[in-house]
Amino acid sequence: MVCTLRSVMKRSIFLEGGIEKLSFDYVPSKLPHREEFVEKMVNFLKVVIDQPCAISERILITGKSGTGKTVTAKRVGSVLKIIAEKRGVNLVYAHINCRTTPGKYGLVQRIIRKTAPVLPLRGYSSTELLHALWDYLNEHDIILLLTLDEIDYFIRSTGEDIVYELTRLTDEVKGVPQRINFIFIGRSQKFLNELSPSTLSKFRPQERFEFPPYVENQLIDILSQRVKEAFIENAVSEEILTFIARNTVKYGHGDARYALQLLLSSGLIAEREGCFFILPEHVREAQEKTDPKLRDEDVMVLPEEEKFLLLALARRLKGEREAVFLPLEAVEETYNVICEEYGRKPVGRVLLHALASDLEAAGIITLSEDFQMGLDGVKAEILEKFLVDLLRESEGRRHIDT
């Protein structure tokens, strides 16, 4: 298959608005493998709509980066807003990323801007602003669902005072409407152990959810959904989705953001080359640019026999751009040609198997279950050139020595 130039077709590999559908801020209508969490959180928080102001609810979501915490919270917020509108309840959802918020006062300002933008921000302390927010919510009969994302980072870098003050707003006076509800998001629950007893007593969530990393088949489902929304038909094959998902598990520890970044970068590279579909070589280049895993030194220290085999794999993959993996027999054909070019005697099939296994153990190549060879973290064309230059330099030194 040959890439078709867009200059002729006047089309893009992306649908209109497709690139935005691959961004971290986009919230799909369905969240593969997180819908169960969405349902549980919505059911838990519905009480703030069914019985407005009766109670202040608090949820804690924890999990590693890219496990769907942020997008799930946003999805919960949007679902609850729809329910609230149908019930005639004025629910406001505000999502604050605490990692990008400068200090206690900055956090309060961002909360005000999201929930009560008419309130003045200058000339008041953070405590005065919080009380002004409380009065504003009461005056306008608003129920606030506030998500504080990366709260553990904020507490460690800024302190726990603001958390205490925020949660105290709902606990300080009994018999008044409880208008603020919280979703806290952190990497782990360990930060709770660092809170003072007084803050922990105010902060303690009623429900906790731990999000596990995604596994390969789950990442394929996530990517498949985004592909339908972001790319033209047939632009991304099942093989490419599996390639990206496997790389994400191997290098990105199941981080869905890592997978989406690889998919977007691969698409942009294909677009740059005028292709209407993503090739494995585009994914390798995207991997190399966004999260390089193969260093020059890793290749330079390889024994000569392994360099020849690696060169054969790179050269063959450069010629067969649609291939993710190649049978050892096909690579061996090119390997024999390369050995002849350099005046070396090729090794036999058994030793070739051993060399391939050594390259995989060193993290240089990938072997499939049926022992086919593949590259993950470097573009085959670039690796081929590097190896040719390296071997040429080695040959030059060899002639000087003799």
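Q: What stands opposite leucine 91 in this predicted model?
A: In the predicted model, the residue opposite leucine 91 is isoleucine 143, which belongs to β3.

Q: Why are β3 and β4 called paired, and in which sense?
A: Six bridges link β3 to strand β4 (residues 180–186), and the sense is parallel; the criterion is at least two bridges, so the two strands count as paired. Along this pairing, threonine 147 stands opposite isoleucine 183 in β4, and aspartate 149 has isoleucine 185 of β4 as its bridge partner.

Q: What joins β1 to β4?
A: Strand β1 (residues 58–63) runs parallel to β4, with five bridges between them. Arginine 58 stands opposite phenylalanine 182 in β4.

Q: What is the order of the strands in the open sheet, and which are the edge strands?
A: The five strands follow the order β2-β3-β4-β1-β5, with parallel pairing. The edge strands are β2 and β5 (207–211), since each pairs on one side only. Neighbouring strands of this sheet are turned by 15° against each other on average, direction ignored.

Q: How do you know that β3 is mostly covered?
A: A residue is buried when its relative accessible area is under 20%. Seven of the seven residues of β3 (residues 143–149) are buried. In a regular strand the side chains alternate between the two faces of the sheet. Both faces of β3 are covered: one side carries Ile143, Leu145, Thr147 and Asp149, the other Leu144, Leu146 and Leu148, all buried.

Q: Why is β4 described as largely enclosed by the rest of the structure?
A: Seven of the seven residues of β4 are buried, and the strand is therefore largely enclosed. On one side lie Ile180, Phe182, Phe184 and Gly186, on the other Asn181, Ile183 and Ile185; all are buried, and both faces are covered.

Q: Why can the buried residues of α6 be said to line one face of the helix?
A: The buried residues of α6 are Ser126, Leu129, Leu130, Leu133, Trp134, Tyr136 and Leu137. Seen down the helix axis, they fall within an arc of 160°, so they line one face. Helix α6 (residues 126–139) has 14 residues and reaches 20 Å between its first and last C-alpha, close to the 20 Å expected at 1.5 Å a residue. Just after α6, aspartate 141 takes a positive phi of about 55°.

Q: How do you know that the span of α10 agrees with expectation?
A: At 1.5 Å a residue, the 15 residues of α10 (residues 216–230) should span 21 Å, and the end C-alpha atoms are 21 Å apart, so the values agree. The buried residues of this helix pack against α11 (238–252) and α12 (256–273); among them are Leu219, Ile222 and Val227.

Q: Why is glutamate 381 called neither buried nor exposed?
A: Buried means under 20% and exposed over 50%; glutamate 381 has 43% relative accessibility and therefore counts as partly exposed. Glutamate 381 lies in helix α18 (residues 380–401). Not counting residues up to four places away in sequence, glutamate 381 touches Glu281 and Lys318.

Methods: Residues are numbered from 1 along each chain as its sequence is written. This is a predicted model: local features need pLDDT of at least 70, side-chain atom pairs count only at pLDDT 80 or more; totals for chains, interfaces and linings use all residues. Side-chain values use heavy atoms; hydrogens and water are left out. Buried means under 20% relative accessible area, exposed over 50%, partly exposed in between (1.4 Å probe, protein chains only). Helices (H or I, at least four residues) and strands (E, at least two) are DSSP runs, numbered from the N terminus. Axes are lines fitted to C-alpha atoms, for helices over the stretch in contact, and angles run from 0 to 180 degrees between N-to-C directions. The expected span of a helix is 1.5 Å times one less than its number of residues. The arc is that of the directions from the helix axis to the C-beta atoms. Contact means heavy atoms within 4.5 Å.
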